[in-house]
Amino acid sequence: MTDPKDLPQTTTMRRMKRSRVLHVSSLMATASFSLAACGAPQRAAPEPELAQVYTSLDECRAANDITDAECDAAQAQAQKTAAETAPRYATQSECEGQWGPSQCQPNNSGGGSFFTPLLAGFVVGQMLNGGGYRGGGAMYRDRNNQFSNGYGGGYAYRDYRTGKTLTNGREHGDVARQAPSRVQSRTTVVSRGGFGGGGRGYGG
C-alpha cells in the first residue's frame with residue numbers, strides 16, 4: 001500500500017500548507033502583541049486639583065475663605081505672574097482680537113514692548129496636606145466673557161452646589177512652561193483659535 005507521504009504533492013497543496021503556516025504565525029504574533037499591550041501599565045489621568053477663583057480682591061475678602069492678608073498676597077503674586085507669563089501680542093488690536101475691546105494693556109516686561117490681556121482674577125488653592133493656601137495663578141477674561149489661564153486651559157466654572165467659582169489648579173501651575181517668550185503675531189493668534197475662536201468655562 002502506498003504511503004500518502006510518498007504521493008506527489010501538487011503546487012496547490014503546497015501553497016495551501018504554506019498559507020496555513022503563515023496564517024497561524026500571524027495569529028500568534030497578533031495574540032502576543034495583544035497580550036503585551038494588555039500587560040502594559042496604564043497611567044491614570046491625575047485628579048483635578050480644585051482651586052477657588054476670585055475676580056477681585058474685594059470678592060476674596062468677602063468670601064472669608066482665607067484671611068485678608070492671604071487674599072492680598074495671592075493677588076500680588078497673580079500680578080507678578082501675569083507680568084511675566086501673560087500672552088504677548090505685537091499690537092493692541094491683535095490682543096483685543098483675542099481678549100475683547102479694552103481688555104489689553106501695554107507691557108514692557110523684560111525690556112520688550114508688546115500688549116498683554118488685563119488681569120481679571122486670581123486663583124487660590126488649598127495645600128495638599130490641608131493646611132495653608134497656595135495662590136498666585138493669573139486669570140484672564142476673553143471676548144466670550146470666559147475666564148482662563150490664557151493658554152487654552154484652566155477654565156473657570158461655577159459650582160452650583162456651593163456657589164463658588166472653581167478651576168483646575170494643576171493647569172495654572174504649568175503656565176510658566178507654556179508661556180511663549182516671543183510676541184504672538186496675527187497668524188499665531190488665528191491658529192490658536194483667536195479672533196472669535198470658541199472656548200468653554202464660566203463667564204462670571
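The conversation below goes through parts of this structure.

Reader: What kind of model is this, please?
Author: This is a predicted model.

Reader: How many helices and strands does the protein have?
Author: There are seven helices and eight strands in the protein.

Reader: And what share of the residues is buried?
Author: Of the 204 residues in the protein, 33% are buried. The accessible surface is about 12800 Å², and carbon and sulfur atoms account for 53% of that surface.

Reader: Let us turn to the cysteines. How many disulfides are there?
Author: The count is two disulfides. A disulfide is a covalent bond between the sulfur atoms of two cysteines. With the bonded cysteines numbered in sequence order, the pairing is 1-2, 3-4.

Reader: Which residue is bonded to cysteine 60?
Author: Cysteine 60 forms a disulfide with cysteine 71, and their sulfur atoms are 2.0 Å apart. Cysteine 60 lies in helix 2 (residues 57–63) and cysteine 71 in helix 3, so the pair ties together parts that are eleven residues apart in sequence.

Reader: Are those two cysteines buried or exposed?
Author: Cysteine 60 is buried, at a relative accessible area of 0%. Cysteine 71 is buried as well, with a relative accessible area of 0%.

Reader: Why is the disulfide of cysteine 60 and cysteine 71 called left-handed?
Author: The torsion about its S-S bond is about -80°, so the disulfide of cysteine 60 and cysteine 71 is left-handed.

Reader: And the other disulfide?
Author: It joins cysteine 95 to cysteine 104, with an S to S distance of 2.1 Å. The torsion about the S-S bond of this pair is about -90°, so this disulfide is left-handed. Cysteine 95 is buried, with a relative accessible area of 0%, and cysteine 104 counts as buried at 10% relative accessibility.

Reader: Back to helix 3, then. What should its span be, and what is it in the model?
Author: At 1.5 Å a residue, the 18 residues of helix 3 (residues 68–85) should span 26 Å, and the end C-alpha atoms are 25 Å apart, which agrees.

Reader: Which residues of helix 3 are buried?
Author: The buried residues are Cys71, Ala74, Ala78, Thr81, Ala82 and Thr85. These residues cover an arc of only 100° around the axis, which puts them on the same side of helix 3.

Reader: What is buried in helix 4?
Author: In helix 4 (residues 92–99), the buried residues are Glu94, Cys95, Gly97, Gln98 and Trp99. Glycine 100 follows helix 4 and has a positive phi, near 100°.

Reader: Now the strands. Which way do the residues of strand 3 point?
Author: In strand 3 (residues 114–117), Phe114 and Thr116 point one way, Phe115 and Pro117 point the other way, and all are buried. In a regular strand the side chains alternate between the two faces of the sheet.

Reader: How many bridges join strand 2 to strand 3?
Author: Strand 2 (residues 104–107) is joined to strand 3 by four bridges, and the two run antiparallel. Proline 106 stands opposite phenylalanine 115 of strand 3.

Reader: One last topic: why is strand 1 described as largely enclosed?
Author: Four of the five residues of strand 1 (residues 50–54) are buried, so strand 1 is largely enclosed by the rest of the structure. Three bridges connect strand 1 with strand 8 (residues 164–168), and these strands run antiparallel. Glutamine 52 stands opposite leucine 166 in strand 8.

Notes:
Residues are numbered from 1 along each chain as its sequence is written. This is a predicted model: local features need pLDDT of at least 70, side-chain atom pairs count only at pLDDT 80 or more; totals for chains, interfaces and linings use all residues. Side-chain values use heavy atoms; hydrogens and water are left out. The expected span of a helix is 1.5 Å times one less than its number of residues. Buried means under 20% relative accessible area, exposed over 50%, partly exposed in between (1.4 Å probe, protein chains only). The arc is that of the directions from the helix axis to the C-beta atoms. Two strands pair if DSSP finds at least two bridges between them. Accessible areas come from the Shrake-Rupley method with a 1.4 Å probe; for residues, only the protein chains shown count as cover. A disulfide is a pair of cysteine sulfur atoms within 2.5 Å.
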